[in-house]
Amino acid sequence: MTATATAVAPERRAPAPSGDRRRRPDRTRRTGWPLTVALALCSLTVLAPLYVTVTMAFKTSEQSVDGNAFALPAPFNPASFAEAWQLTRFPVSFGISVGVAALTVALTLLLSSLASYAIVRYWSHRFFRWSFVYLLASMFLPFPVIALTEIKLTALTGLDNPLGVAILHAMFQLAFSVLLFSAYLRSIPVELEESARIDGATTWQVFWRIILPLLGPMIATVGIFAFLASWNDFMLPSMIVSDPTLQVLPVVQNIFQSQFGTNYNVAFASYLMAMAPTIVVYLIAQRWVISGITQGAVKS
Amino acid sequence: MTTTTAPTTPAAPVGRRRRHGRPEPIAYLFLVPALLVFTAFVVVPALVGIFYSFTDYVGFGNWSFLGLRNYTALLGDPGIREAYGFTLGFAVVTVVVAQVIALVLAIGLSKRIRFAAGLRAIFVIPMVVSGIVVAYVFNYLFSNTLPAFATAVGLDPLSQSILGNPDLAWLAIVVVSAWQTIPGALLVYTAGLTSIPHDLYEASSLDGAGPWRQFRSITLPLIAGFVLINTILGIKGYLGVYDIIVGLTGGGPGNATSSVAMTIFGGFTGGDYAYQMANATVFFVITVLISVLQLVVSRGRNIRL
C-alpha cells in the first residue's frame, strides 16, 4: 500500500487486458455467479424451515406424522387453520399481542425521546449526566435476574396482565433506546433550536416542532427494535400474565406441546399464523426495516 | 458517539448561557418520569431481589437473615454448577458459530453478486420471527424429520431424535440460537464492511495479496470493533437463553440442557425463592464481568470502538 505498489502494479496487472476499468462489469459478472449460487444454497437454511411450516399446515393429521416434512400436502387440507384459529383463540391472542407491542413502542418512544433530549441538552449538568449512566447500566441486566421479584411486583400492583407486560417491555428497551436517541441528538446542532427560541418558542414547543421531526429516522429504528422485542417475546409474558385467557400470541402456541403427537398439522397452521404477520410486513418494508436495524446496531 | 463541540460563535450566546446555567424546570419534567418508572420497575425489583438473596424467604410469609449461606450453598450445588457449565459452554460455542457464519455471509453479500438485496432480505427473516415458534418448528424437524432421514440413509446414530440424547441435545439449541441471531450480526458486519474504503483492497491486490491475506490484514482489523460489539451483545443474549430451550428440550433430557435462566425460574415454583435470588445475583455479576472483560481485552489490543 506504499509507493512501491504503483511501481509493481503494471507487472501484476499485465495478464488483464488494458482498459480493465471498462471490462470490470464482465469480469465481476463472471466471478459473481458461483458465489451467488453458494449464497442461494445457504439461504435454503432460512427458507427450508419456513417452507416446512407452510406445507405442514396444509397436510392432514395422517400425513403430518410420517416425518417427511418436505413432502407436499396430499391431499391438500386447509381445515387445520380453522381448528388452530379456535384452539388458540387467534383473534383474542393476536389482538392482545398487537396491543402489547403498540403500547411498548409508544411508551418506549415517548419516555426515551424526552429523556434523551433533556440528557443531551443539559449534559453539562451533573444530574442529567448521571441519569444517563443510571439508565444505561441496565443494559447488562438480563431479565431472568429480576424475574422472580418482577412476578411478585406485578401481582401486588395488579399488573399481572398484558398492560404490565407492555410496561416491562418498554423498561427493558429504555437503555438501548436512550443510547440510540442521545447519540443521534448530539449530531443535531443547537443553532437549529436557538432561532426558534429567539422567536419565543418554549422548550416544549421546540421539542415537538423541531427536535421530534428531526429524530424521524431514529424513531423508526427505536420503534422497530421495540416492536420486534415485544411482539416475539415469550419469557416475560409467560411469567407475568396470570390469566391464561389473556396470553399473547407466542405464549398460546404452547398448547400444542401438551397434547403431544398427532395434531402437527394444526400446530403448524397455528405457527404459520403467528409468524406470517411479521414476515409479510417485513418483506413489504424490508428496505426500511433493514436500514433501520442497521442504524441501530451500528450506533450502539 | 463523541459529543458535538459546543458552538462558540457569538451568534449563540443564549444557548450557551442556558446550557451552562441551571436547567429549566421543564427539563426535569422530560427526564424524571422515565427515571421514576425505570426505578420502580427495574431498579427496585433488582435491589429487593438482592436483599432477599441473604434471607430464607420462600416467596411469602416470614423470613430471617441467613447471611451468605445461600451463596455458599450455591457453590456446592451440582445442579447449579451444571447449569452454569452448560450455559457458559453453550454461549461460547454459539457466539463463535454465529459470528463466523455471519461474517462469511456478510463478506459474500458484499461482493458483486446477483440478487444481493433479495438474498440479504432472506437472510434477515429469522430476526423478525418469534424464537419460541421457531424452536417449535425445529423441534418437529429434529424429532421427526431428521431421524426419518437418518434411518433412510442408514445413519444409525441419528435415527433417534437428538433432542432425547443428553450428549447431543445442546447441538440442536446451538443450531436454532445461531439461526435466529445470525441476521443481527450479519447486518452489523455488512455496515462494517461498507465502511472499509475500496481502494485498500485494490492497492493490496496490486501488492499481490490474495483474498485470505486481504481478509487477515485489511478486513479483520478494520471491523474488529464490530466483532467486539457483536460478541458482547451475543454472549449477553446467549447467557440468558430460555425461549429456544423451552421450545426444543424443556431443559431435558434430565437436566442436560437446563440453562441458568431456567434454574432461576424454577425458584418460583420450587419454593427456594431466596436461594434462586442468590443464583440470579451471581448470574448478574457474571454477565457484567464477562462484558467488562471483553471490553478490557479489546482495549488492550487497541481495538477502536
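Predicted model: local features only at pLDDT ≥ 70, side-chain atom pairs only at ≥ 80, totals over all residues.
Student: How many helices and strands make up the secondary structure of chain A?

Tutor: Chain A has 300 residues, of which 43% count as buried. Its secondary structure comes to 16 helices and 0 strands.

Student: What percentage of the contacts in chain A with a separation of 6 or more comes from residues 24 or more positions apart?

Tutor: Two residues are taken to be in contact if their C-beta atoms lie within 7 Å. Among the contacts in chain A with a separation of 6 or more, the share from residues 24 or more positions apart is 78%.

Student: Which helix gives the largest share of the side of chain A that touches chain B?

Tutor: In the model, 87 residues of chain A are in contact with 86 residues of chain B. On the chain A side, these divide into 59 nonpolar, 21 polar and 7 charged residues. The largest share, 14 residues, comes from residues 20-57 of chain A, that is, helix 2.

Student: How far apart are the end C-alpha atoms of residues 206-229 of chain A?

Tutor: An unreviewed UniProt entry lists this span among the transmembrane regions of chain A. The span is 96% helix and 0% strand. Its end C-alpha atoms lie apart by 31 Å.

Student: What percentage of residues 121-142 of chain B is helix?

Tutor: For chain B, the transmembrane regions listed by UniProt in an unreviewed entry include residues 121-142 and 168-189. Residues 168-189 are 95% helix, with end C-alpha atoms 30 Å apart. For residues 121-142, the end C-alpha atoms are 26 Å apart.

Notes:
Residues numbered from 1 in each chain as written. Chains lettered and ligands numbered in written order. UniProt positions renumbered as here; feature names shortened; annotations may be inferred. Helix = DSSP H or I, 4+ residues; strand = E, 2+ residues; numbered from the N terminus. Buried ≥ 20, exposed ≤ 12 C-beta atoms within 10 Å, placed from the backbone. Nonpolar A, V, L, I, M, F, W, Y, C, P; charged D, E, K, R; others polar.
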